[in-house]
Amino acid sequence: MLLTLAHIGPKAPKSGDKAAYDTLTRLYLDRIAPYYPVQTEAFPTEASFLAWLQKSRSRTPILPILLDSRGRQLSSTELAALLGARRDQGAQHLVFAIGPPDGWSQPARETVSGQPSLQPGLLLSFGPITLPHELARLVLAEQLYRACTILAGHPYHSGH
């Protein structure tokens, strides 16, 4: 099952303070790699992300999971259960996408939910706080790694 971490915004910086977030995010992505193939994608606009999502192909429908403050909040173990359930159902490609600064538009949420080539998408949230995109990507990468270790019975997640 391929995991894609996508975001709306510029590609990762090569140097400076924001590059430190990218370095830490890459650390967790590298840790996910033994469990699942993982990739990142950056899109300049919501429309370009939706166009990419629509033209991406796999044997089974892609499952887009949009991160937005209006989404459902999950604990780490609930995220692991979601990942494990999708894996066990035969999903081949999950796309976790961090939206534009103002969140995903209503048309984008409807588009993702209603496309015949996509599984019905999910809308998830890290909570009511606002995070910079760089930090949200880092948190997402760490939580996906944590979910992988929970599913594998690895001691990284101690249950608290």
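The side chains of Arg70 and Asp68 meet in a salt bridge, with N and O 2.8 Å apart, the term standing for a side-chain nitrogen of Lys or Arg within 4 Å of a carboxyl oxygen of Asp or Glu. This is a predicted model, in which local features need pLDDT of at least 70 and side-chain atom pairs count only at pLDDT 80 or more, while totals for chains, interfaces and linings use all residues. Residues are numbered from 1 along each chain as its sequence is written, and side-chain values use heavy atoms, with hydrogens and water left out.

| Salt bridge | N to O distance |
|---|---|
| Arg70 and Asp68 | 2.8 Å |
| Arg87 and Asp88 | 2.9 Å |
| Glu142 and Arg146 | 2.9 Å |

With buried meaning under 20% relative accessible area, exposed over 50% and partly exposed in between (1.4 Å probe, protein chains only), Asp68 counts as buried at 6%, whereas Arg70 is partly exposed at 47%.

Helices (H or I, at least four residues) and strands (E, at least two) are DSSP runs, numbered from the N terminus. Helix H3 covers residues 76-88, and its buried residues, including Leu79 and Leu82, pack against strands E1, E3, E4 and E5 and helix H5. Just after H3, Gly90 takes a positive phi of about 90 degrees.

Notes: The expected span of a helix is 1.5 Å times one less than its number of residues. Contact means heavy atoms within 4.5 Å.
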